[in-house]
Amino acid sequence: MPKPLVRVYTDYKSPYAFVANKRLFELEETHGVELEWLPYTLRVAEFMGTVEERTPHFWRKVRYAYMDARRYANAQGLVMKGPRRIYDAFYSSVGMLFAQRHGFFRPYHDTVFRRFWSHELEIDDLAAITDVITACGGLASEFEAYVNGPARAEHDRIIDEAEALGVFGVPTMVFNGELFWGGDRIDMLIDRIERPETIEAALGSRHRKSV
């Protein structure tokens, strides 16, 4: 019997995506859903503007956002240090796809999030991400061949498909065609999962896609 599917779009450089992980993984145990994790690599300049364009109001909002996310992190015993610069998370994002394909998604995912927010990992450094891949049991040569081969096209297709659904930030959960943005929407997502009619619709949708 297939499980109801919840698609999760995430980005390793998002503090709110980091602190949402625990509750999302718990859904697999508490509500019997299957999580499908996909990258939505944020292009910071598109929604935050260039550094030169940012106003004092913007910086107050940013400081609050990191302080707020750190409260969630502290409650979970997580270390969250402010990012040292603007990152392009492409290598870490395609590392997620590679790890899923090779059966070590969870250790990869947890390691990248934890080490990035502890200032122990540069997620835009190919060699650093390759080291995580090999530590989790993957082959460096296979990962680098993927990065230099189909990874970019696959990554960009996933982003395009996400935006066609309406995704604009992370974490975004998609269940039965409905979007839930942010960890503070997980309770609303749970409400939908617990409704018998939405479970039936979600399972029906999965069946139609598989035939």
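The model is predicted. The chain has 211 residues, of which 43% are buried. It contains 10 helices and 4 strands. In sequence order these elements follow the pattern β-α-β-α-α-α-α-α-α-α-β-β-α-α. Of the contacts between residues at least 6 apart in sequence, 73% join residues at least 24 apart.

**The sheet**

- Strands of a sheet pair through backbone hydrogen bonds, and the pairing is either parallel or antiparallel.
- The 4 strands here form an open sheet in the order E2-E1-E3-E4, and the pairing is mixed.
- E2 (34–39) and E4 are the edge strands, and each has a single partner, so one side of each has no neighbour in the sheet.
- On average, neighbouring strands in this sheet are turned by 25 degrees against each other, with direction ignored.
- Strand E1 (residues 5–10) pairs with E3 in the antiparallel sense over 4 bridges. Within this pair, valine 8 has methionine 173 of E3 as its bridge partner.
- Helix H4 (residues 90–101) packs on the sheet and touches E1 and E2. The direction of H4 makes about 145 degrees with that of E2.
- E3 (residues 172–175) also pairs with E4 (residues 178–181), again in the antiparallel sense and over 4 bridges. Here methionine 173 stands opposite phenylalanine 180 in E4.
- E3 and E4 form a hairpin, with 2 residues between the strands.

**Helix H1 with helix H9**

- Two packed helices are described by the angle between their axes and the distance between the axes.
- The axes of H1 (residues 15–30) and H9 (residues 186–193) come within 11 Å and cross at roughly 10 degrees. Because angles under 35 degrees count as roughly parallel, H1 is described as roughly parallel to H9.
- On the H1 side, the contact is made by Ala20, Arg23, Leu24 and Leu27. On the H9 side, Ile186, Asp187, Leu189, Ile190 and Ile193 take part.
- Sorted by type, the residues of this contact are 7 nonpolar, no polar and 2 charged.

**Helix H4 with helix H5**

- H4 and H5 pack at an angle of about 160 degrees, and their axes are 8 Å apart. Angles over 145 degrees count as roughly antiparallel, and H4 and H5 are therefore roughly antiparallel to each other.
- In this contact, Tyr91, Ser92, Gly95, Met96, Ala99 and Gln100 of H4 meet Phe105, Tyr108 and Val112 of H5.
- The residues of this contact divide into 6 nonpolar, 3 polar and no charged.
- Phenylalanine 105 lies in H5 (residues 105–117). Its relative accessibility is 13%, so phenylalanine 105 counts as buried, the cut-off being under 20%.
- Beyond residues up to four places away in sequence, phenylalanine 105 touches Phe25, Trp37, Met96, Ala99 and Gln100.
- Phenylalanine 105 and cysteine 136 are 31 residues apart along the chain, and their C-alpha atoms are separated by 8.8 Å.

- In soluble globular proteins, nonpolar side chains tend to be buried together.
- The largest nonpolar core here has 58 residues, and the members touching the most others are Val6, Leu24, Tyr108 and Ile123. H1 gives the largest share of this core, with 7 residues.
- Leaving aside neighbours within four places in sequence, valine 6 is in contact with Val33, Glu34, Leu35, Glu36, Met173, Val174, Phe175, Leu189 and Ile193.

- Most residues other than glycine have a negative phi, and most peptide bonds are trans.
- Histidine 119 is not a glycine but has a positive phi of about 65 degrees. Histidine 119 sits in the loop between H5 and helix H6 (126–135), and it is partly exposed, with a relative accessible area of 26%.
- Asparagine 176 also has a positive phi, near 55 degrees, and is not a glycine. Asparagine 176 lies in the loop between E3 and E4, and it is partly exposed, with a relative accessible area of 37%.
- The peptide bond from valine 170 to proline 171 is cis, with omega near -10 degrees. Proline 171 is in the loop between helix H8 (151–165) and E3.

Conventions. Residues numbered from 1 in each chain as written. Predicted model: local features only at pLDDT ≥ 70, side-chain atom pairs only at ≥ 80, totals over all residues. Heavy atoms only, no water. Pairing = 2+ DSSP bridges. Axes fitted to C-alpha atoms, helices over the stretch in contact; angles between N-to-C directions. Parallel < 35°, antiparallel > 145°, perpendicular 65-115°, else oblique. Contact = heavy atoms within 4.5 Å. Nonpolar A, V, L, I, M, F, W, Y, C, P; charged D, E, K, R; others polar. Core = buried A, V, L, I, M, F, W, Y, C linked by side-chain atoms within 4.5 Å. Buried < 20%, exposed > 50% of the residue type's maximum accessible area, 1.4 Å probe, protein only.
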